[in-house]
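Colleague: Walk me through this one. I want to learn how to read its features.

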Amino acid sequence: MISRVVLDSGPLGRIAHPRPNPDIAEWLRQILSAGVEVIVPEIADYEVRRNLLLEGLMTSVMRLDSLKERLTYLPLNTPTMLRAAELWASARKQGRATADPKELDGDVILAAQAESVGAVVATENVGHLSLFIDARGWREITS
């Protein structure tokens, strides 16, 4: 039984749209009504927010802000960033890099955030994230 779900930037961006896709809106409603804690990690908020701001989509920014009030918001902290560095280095040592070495690599930060609260990641990018954490396509996560 899944009790906590952390949203990756793909699903979060879809939900933040002023008129979210009916499928993801219904999915969110179902898991919330089943008592699943849905978490907005700061790294995903950053990834979605920067693109919304770049495009001037202020209605979506306001929706993202309202989601942070309705759902659980998970800020970054030092232990999470230290763990993300460990995950990044471990993946590199195994020859399983998920991003260019000069990139920040939000996937390892997201994985560390999800790990810190014992959550499954709802994503559209199972491949990279599943190297580090239980990551599933959001459609596959049911109540």
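Colleague: How many residues apart in helix 5 are R83 and E86, and what does that separation amount to in helical turns?

Modeller: First, the ground rules. This is a predicted model, where local features need pLDDT of at least 70 and side-chain atom pairs count only at pLDDT 80 or more, while totals for chains, interfaces and linings use all residues. Residues are numbered from 1 along each chain as its sequence is written, and side-chain values use heavy atoms, with hydrogens and water left out. Helices (H or I, at least four residues) and strands (E, at least two) are DSSP runs, numbered from the N terminus. Now your pair: R83 and E86 are 3 residues apart in helix 5, so about one helical turn separates them. Their side chains meet in a salt bridge, 3.1 Å from N to O. A salt bridge here is a side-chain nitrogen of Lys or Arg within 4 Å of a carboxyl oxygen of Asp or Glu.

Colleague: How many salt bridges does a search of the whole structure find?

Modeller: The search finds 9. One of them joins E26 to R29, with the closest N and O atoms 2.5 Å apart. These two are 3 residues apart in helix 2 (residues 22-33), so about one helical turn lies between them. E26 is partly exposed at 31%, and R29 is partly exposed at 47%.

Colleague: Which residues are linked with D45 and R49 in a network of salt bridges?

Modeller: D65 and K68 join D45 and R49 in that network. The D45 to R49 link has its closest N and O atoms 3.0 Å apart. Both residues lie in helix 3, 4 residues apart, about one turn. D45 is buried at 4%, and R49 is buried at 17%.

Colleague: Why does S60 count as buried?

Modeller: Because its relative accessibility is 6%. S60 lies in helix 4 (residues 58-70). Beyond its neighbours within four places in sequence, S60 touches A16, H17, P18 and L52.

Colleague: Now the sheet. In what order do the strands form it?

Modeller: Strands of a sheet pair through backbone hydrogen bonds, either parallel or antiparallel. Here 5 strands form an open sheet in the order 3-2-1-4-5, with parallel pairing. Strand 3 (72-74) and strand 5 (135-137) are the edges, each pairing on one side only. Two strands pair if DSSP finds at least two bridges between them. Strand 1 (residues 4-7) is joined to strand 4 (residues 120-123) by 3 bridges. Strand 1 and strand 2 also pair over 3 bridges, as do strand 4 and strand 5.

Colleague: Which way do the strand 4 side chains point?

Modeller: In a regular strand the side chains alternate between the two faces of the sheet. V120 and A122 point one way from strand 4, V121 and T123 the other, and all are buried.

Colleague: What is the radius of gyration of the protein chain?

Modeller: It is 15 Å, which agrees with the value near 15 Å for a compact globule of 143 residues. The radius is taken over C-alpha atoms, and the globule rule is 2.2 Å times the number of residues to the power 0.38. Of the 143 residues, 42% count as buried.

Terms used:
Buried means under 20% relative accessible area, exposed over 50%, partly exposed in between (1.4 Å probe, protein chains only). Contact means heavy atoms within 4.5 Å.
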